[in-house]
Amino acid sequence: MATRTSILSLVFAMMMSFTVLSGYSWARVYKVGDSEGWTAKDDVYYAWAERDYKEFHVGDSLVFEYDPIINDVTQVSGGLEYEFCDLSSPKAVYNTGHEVVTLTEPGFHYFITSNQEQCVLGHKLEVLVVQDPSSPVPPPTPSKTLPVGNTYKVGDSEGWKVYDSDFYNKWSEEKQFHVGDSLIFEYADEVNDVYKISGDLEFMTCDPTSPVAVHKTGHDLVRLTEPGVHYFITSNSGSCEAGLKLRVMVGPVPKVVLYPNFPKKVDFSAMERLNNWLKTFKPQH
């Protein structure tokens, strides 16, 4: 019986591994807090996330283990809710005692306990998730297929490394961007990155706490999929304040103007002259 149980456990583990590998070949699973789990500890989860230089990628999973009678996991949407332990608008609430949360999007992810006192003392977790360059990117659905536009290397030959408050502003103003165009950010990835942020206030204050997307490969291709203003900064506050940030205005897809096929111009005056000549010509009997 014990042998059969061991075999079944091995088969189940292999099935679980295949499930992870089939979706993300490089995905990892992290138990939050390691052997301590998700318990009422004071301000230890920041250190846990930083320990051993953890780098979380899209497709990785977090396992939260805890006593559901006295605890839970609440995922909140932003840095302010995280800092102030604000439970009023959670993204998700888990209370089974064993949660597996898959990180499906790049950016910051925030988790807290709904126990206000424990949360204020530090029972919360913030993780930064990046897009792995080897991750599978699903093809767009036909209804959302965009035209292939122009590709612009940000900063041209200078790349994404100029610390000048006006350089990227001038670079952007000289161009007309449209939906379907792409931006290429090239830089030394050990000292730089690209954060796409959501608004003008975050852009002006160089606030990277709630990014829309995070890129860290050193050669990032970003496609402009929506019209409007798009904002990009570096997470290095000093470099951002020195000018390493970009704002681009994206217009809609250019309309293709189709000209009708007009008939070729006919010299009616010549035809009229020929007809008049034929009318005047009368064969003799």
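**Exercise 1.** Work out the strand order of the open five-stranded sheet, and find which strands are its edges.

*Solution.* Start with the order: this open sheet of five strands runs β2-β8-β7-β4-β5, with mixed pairing. Strands here are DSSP runs of E with at least two residues, numbered from the N terminus, and two strands pair if DSSP finds at least two bridges between them. Next, look for strands that pair on one side only: these are β2 (56–57) and β5 (92–94), the edge strands. Then step inside: β7 (residues 107–112) and β8 (residues 124–130) pair in the antiparallel sense over six bridges. Finally, F111 stands opposite L125 in β8.

A word on the model: it is predicted, with local features needing pLDDT of at least 70 and side-chain atom pairs counting only at pLDDT 80 or more, while totals for chains, interfaces and linings use all residues. Residues are numbered from 1 along each chain as its sequence is written, and side-chain values use heavy atoms, leaving out hydrogens and water.

**Exercise 2.** Decide whether S61 is buried or exposed, and list its contacts beyond four places in sequence.

*Solution.* First locate S61: its place is in strand β3 (residues 61–65). Its relative accessible area is 9%. Buried means under 20% relative accessible area, exposed over 50%, partly exposed in between (1.4 Å probe, protein chains only). So S61 is buried. Now its contacts (heavy atoms within 4.5 Å): beyond its neighbours within four places, S61 meets R28, V29, Y30, V100, V101 and T102.

Notes. Helix = DSSP H or I, 4+ residues; strand = E, 2+ residues; numbered from the N terminus.
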